[in-house]
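Dear colleague,

Here is the structure for your files. My notes on it follow below.

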Amino acid sequence: MNSTASTDELPSSTAPLAGVRVVEVSSFVAAPLCGMTLAALGADVIRVDPIGGAADYRRWPVTDDNESIYWAGLNKGKRSFAADFRNPDAQNLIRDLIIDAGVLVTNAAGRSWLDYDELAAIRPDLIHVQVLGRADGTGAVDYTVNAAAGFPQVTGAENVSTPVNHVLPAWDVSCGLYAALSVASAVYRREITGAGTKVVLPLEDVAFATVGNLGYIAEAQLGRPVREKVGNSVYGTYGADFATSDGARFMIVALTPRHFRDLTGLTGTADAVAALESALGVDFRDEGTRFEHRHVLNSLFGAWFSRHTADEVEKALAGTSILHERYRTFAELATDPRVTDNPMFQKLDQPRIGSYHAPSTPMSFDGRYPDVRPAPANGDDTAEVLTEHLGLTDDEIDALTASGTIRISQKEHA
């Protein structure tokens, strides 16, 4: 089934953040993801961009017409306000929108008209979330933060000495979700106390906090052995990838004694594994022991996978407790029933892009998922926002448009 607008969607009037208004001045991943998450939860999010779009407006992947699929994905459900950031009149309009909304999310630094102290002097209960690269205010992006976080030195094949970056912008994603949590927490606090909040969220600290929370910093400070690359193995437990006879690959994880027992049973290696335990004087019920002897175990189990096709492996694994998944491409995932039949995904007709399955939030509320709404084009809602929130007349908006202070999109002209 395809999920479309239906009773499975969360009505906007009962959405968790209904009634909250947010101005977002941002680009790239972290801050836009924050705004998109808040919009999905019912907030009215107005993304403010330069006329023609910020640096991410044409970011890859793009369509044949150079419309950004990436930008559409991270800006669903928002409204778009476009203005000339160099123009003092535009800066004043943006400031007034922020004061009216009471919440600002931004990763733009060094602009006085976005400064917390100046804005809070006008609206003391302002919630101001500033995403930075580093805590000292210098610039950083996910890929440079990741280089400092240690993970590239333990990522990749065991025989590769050079650092290997992961493709997923994990720190941007985590930062965006932390920012959304910050807004929701500050809104709740304001409801109780009436106080505003200044939130500063450095991307680098998101990464370093994660490294610390996972125990990697303590491990090093306590003098534990230096972490090494383990390829596709899972550090401290048993996990490995195996090739089938027809060239597919599966990731297999055995976290518990039951998982491991089922794996030896499936592969017909129970006796061989028992003999190995006896010869080594070890107990494979301990996951650390399974990790230490992973190479010999991989050889035992790999023989079974190499004799079976991917379909045979999938059917055999389905009847066990073994944690497993076949490696898939994005194209394969796009046609997987776990996407096409998943109520989290809704069929979206995205202007300028096309029709495809777009995700709502991963969490449902009382069995319902928030509605998925298209992303706007640059300036789609400028006039509407000025009329609705600042009370400007049509003549005033026409004058601002004629002077190049703001941009009114073709949608609003229609």
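Thr-361 sits in the loop between β12 (354-359) and β13 (369-370); helices (H or I, at least four residues) and strands (E, at least two) are DSSP runs, numbered from the N terminus. The model is predicted, so to read it: local features need pLDDT of at least 70, side-chain atom pairs count only at pLDDT 80 or more, and totals for chains, interfaces and linings use all residues. Residues are numbered from 1 along each chain as its sequence is written, and side-chain values use heavy atoms, with hydrogens and water left out.

With a relative accessible area of 5%, Thr-361 is buried (buried means under 20% relative accessible area, exposed over 50%, partly exposed in between; 1.4 Å probe, protein chains only). Beyond its neighbours within four places in sequence, Thr-361 is in contact with Ala-40, Leu-41, Met-344, Tyr-369 and Pro-370, where contact means heavy atoms within 4.5 Å. Of these, Met-344 is 17 residues from Thr-361 in sequence and 6.9 Å from it in space, C-alpha to C-alpha.

The loop between β12 and β13 also holds Asp-366. Asp-366 is exposed, at a relative accessible area of 85%, and has a positive phi of about 55 degrees although it is not a glycine. Most residues other than glycine have a negative phi, and most peptide bonds are trans.

A cis peptide bond, with omega about 0 degrees, joins Trp-60 and Pro-61. Asn-66 lies in the loop between β3 and α2 as well; its phi is positive, near 65 degrees, and Asn-66 is partly exposed, with a relative accessible area of 37%.

As for the whole, the protein has 18 helices and 14 strands. Its C-alpha trace spans about 85 × 50 × 40 Å along the principal axes. Of the 414 residues, 45% are buried. Among contacts between residues at least 6 apart in sequence, 66% join residues at least 24 apart.

Regards
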